[in-house]
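Dear colleague,

I am handing over the structure we spoke about. Please look at it alongside the notes that follow.

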Amino acid sequence: MLVEVGHFALALALALSLVQAVMPIWGARSGDPTLRQVATPAALGAFACVLFAFAALTYAHATSDFSVQNVVENSHTTKPFIYKLSGVWGNHEGSMLLWILILTLFGALVAVAHHTVPPVLRANTLAVQGLITFVFVLFIITTSNPFSRVAPAPLEGNDLNPLLQDVGLAVHPPLLYVGYVGFSITFAFAAAALIEGRIDAVWARAVRPWTLVAWSFLTLGIAMGSYWAYYELGWGGWWFWDPVENASLMPWIAGTALLHSTVVMEKRDALKVWTVLLSILTFSLSLLGTFIVRSGLLTSVHTFATDPTRGVFILAILVLFIGGSLTLFAWRAPLLRQGGLFAPISREGALVLNNLFLVAACATVLVGTLYPLVLEMVTGEKISVGPPFFNTTFVPLAVPLLLIVPFGQTLAWKRGDALAAAQRLFAALALALVVGLATLALTWGGPVLAPVGIGLGAYLVVGSALEIISRARGYGASRTASPGLIWRRAIGLPRSAWGTALAHGGVGVVVLGIAAQGWATEGLATLKPGETLATGPYVATLERVSPRSGPNYEETAAILTVRDRHGNAVGTVDTGKRFYPSRRMTVTESGLLTVGASQVYASLGEVQPDGAIGLRLYYKPLVLLIWLGAVVMALGGAVSLTDRRMRVGAPTRARTKALPPNAVPAE
Amino acid sequence: MTTPSRLRALLLAAALLAGGPASAVQPDEVMKDPAQEARAREISAGLRCLVCQNQSIDDSDAPLAKDLRLIVRERIRAGDDNQQVEDYVVGRYGEFVLLRPVFAWHTLLLWLTPVAALLLGAFGIWRLSRRRAPAPSAGLSAAEKAEVAALMRRE
């Protein structure tokens, strides 16, 4: 019964989103505020309906209601409860429902955020958001209904793919979707600006928090997915340039560019048309990502051909939104007034350069991902575009970009002084050089590029820290050397300055982690209990191989003791092969031993009848920095979000809060 | 597994494992000469496992990948240099096997994308920087003036 009500709620959401798509825009056009204000209740209603539908499906999964097709296909009575919950979005129908849940949540948030957005802009934005909701709810109802029943109901379900029965993958899709879908808001704002034919700093200010939220979550989502692939897929890689990974990386790169261009627009009233275009492109890439994953087009053209309904529907959605918005852009963008000019050596000049490199990197990933498909369609030739291509093209674009990051932070708005900036960055440059050379000397005979990467990472981290310190120290007459005063001033710096420093420092931490993989080592051997395998600074002894039982699997586990080269025990690590009878699938569980930020990674291979096992052992120095850096980046986004500038729309609070007397003028 | 195609679309990331989850190179495959083994690993990392999803034969556990790894090692043992080994495998399986596409007419657009994007962007920025100062703002519309007045009254 609840399932049917959930289905009905979804239909109701379809109707409400149609109202939300039509009425406000009509009201804004005709100047009828009553009609315009329909947007708020419609958006809230649509959210409530989708939330109910989602809750109904969750209930069906939690109670293992095998009369529901979706539950039969993805659940099993012995599956641990947490995976019963995450199983709701561990399948196509449920994940699309989560997608629109987040979509309507964002719509509701815009509807509730009364003060920050001018009414006409808000009405148009909500209308565009309503249109997106309508189309996706229609997609779910017509092609991917999660509520269909089966009769007679089977006694047992097919279980969730064991690879997805993992905490990492339980939280990965929600994080990623908040990111993907969050960019729908900036898209809606951009379309609304085009419809209205005006755009200004108020627009940039309204859009920025949403961009920050989406970007931070997307950063976390990608990092989570990468860590999951690292420990679950069993061969220790953390990025594979797989089409699905690229699908999430492209909106992230475009979103990063957008984040920076909105700053220029807000501060300098420039890059307006470009920012609108970036907003459109970012969400278009999110849609493209959804299409790539959902249609299965890139897995195999045949998969797509055997069940084309969904793929064709999503393709139609892509054409509607990407084509529609770009047409709207071509038609209306000339109406938007172009803003201020600036000298090339300035903060905004550096940010333009940032956008240039990011967009070139994004284009490279896009073309690399789609090229084999297009080439096969056009000429019939089959080629592969794999990691070697992306590494050769992406890295040379990323490195110059990273080099200008601290410079951009240091340069002043309008007209900067490159020499002064270089002087202020002297400490960072010198330290990076020392760190890089010292690393090279200490690891002489090892990799050559890795020390360069370490130097680059150090440069980014120190550069970010220096930015905070030099701003806190002050300029000219207010310059001080007193540590206490510097500390108080640093605390008083705008949150956005801290956010920027954290995010950029986080990038440096990621670079350090990636560079350190140059010293990763790998050992491979067939071991019997008591025998050892050495890799990097560690030696692992196979203690025993024993069977274990889990709630819904049988496992053969190898237990290893890890010692350092002096024979001191560091810890134990166990790796196993799990057999899930419900799906007849075997999954390797890699074993991880964390020492500081480094890890020893064990992966079980073949188990031979005489008790010997194939074992792979990796030493991954500082590997955790890759994901910790991403977390720091997302944290930077969150800190920026608390900047008081984001709340200036709420006038009372902003007015009562006076500036601290020693505050450095806001950037 | 009533809808395998659907699942495949869904679990693209998981499909990386089309060959089944386990370590790839097996201990018995390793060549005696560490230098030769290192070369074999380097070549393997650039060859695609044909039955897998975007996975090199070095990472894959599929039987076909194992065959290819053994072929690579056999050719190395026979005295081929890296290029010759690659040519040999391409001769048998076609260009599809190369994870790093060749630079040729049909991949020209692909390889030139980064440079083209940079140049195009730089040209756009150059055009933008040459544009003359914008016309002075038209000021506020009547409706906006009224709105400002209303806000001022509320103060």
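**A buried aspartate in chain B**

Asp59(B) is buried, because 24 other C-beta atoms lie within 10 Å, and 20 or more are enough for that label. Bear in mind that this is a predicted model. In the chain, Asp59(B) belongs to the loop that runs between helix H3 (34-45) and helix H4 (63-77) of chain B. Gln26(B) is 33 residues from Asp59(B) in sequence, while their C-alpha atoms are 11 Å apart in space.

**Confidence in chain A**

Chain A has a mean pLDDT of 88, with 94% of its residues at 70 or more. Over residues 649-667 of chain A, however, the pLDDT is below 50. That stretch still has 20 contacts in the model beyond near neighbours in sequence.

**Domains 2 and 3 of chain A**

Chain A is assigned four stretches of domain: domain 1 (1-160), domain 2 (166-391), domain 3 (392-518 + 637-646) and domain 4 (521-620). Between domain 2 and domain 3 of chain A, the C-alpha centres are 26 Å apart. Where the two meet, 29 residues of domain 2 of chain A are in contact with 23 residues of domain 3 of chain A.

On the domain 2 side of this contact, at least two residues each come from helix H9 (201-232), helix H10 (243-268), helix H14 (347-379) and helix H15 (387-410) of chain A. H14(A) gives the most, with 12 residues. By type, the residues of that side are 18 nonpolar, six polar and five charged.

Regards

Definitions and conventions
Residues numbered from 1 in each chain as written. Chains lettered and ligands numbered in written order. Predicted model: local features only at pLDDT ≥ 70, side-chain atom pairs only at ≥ 80, totals over all residues. Helix = DSSP H or I, 4+ residues; strand = E, 2+ residues; numbered from the N terminus. Buried ≥ 20, exposed ≤ 12 C-beta atoms within 10 Å, placed from the backbone. pLDDT = per-residue confidence, 0-100. Contact = placed C-beta atoms within 7 Å. Domains from an automatic or database assignment. Nonpolar A, V, L, I, M, F, W, Y, C, P; charged D, E, K, R; others polar.
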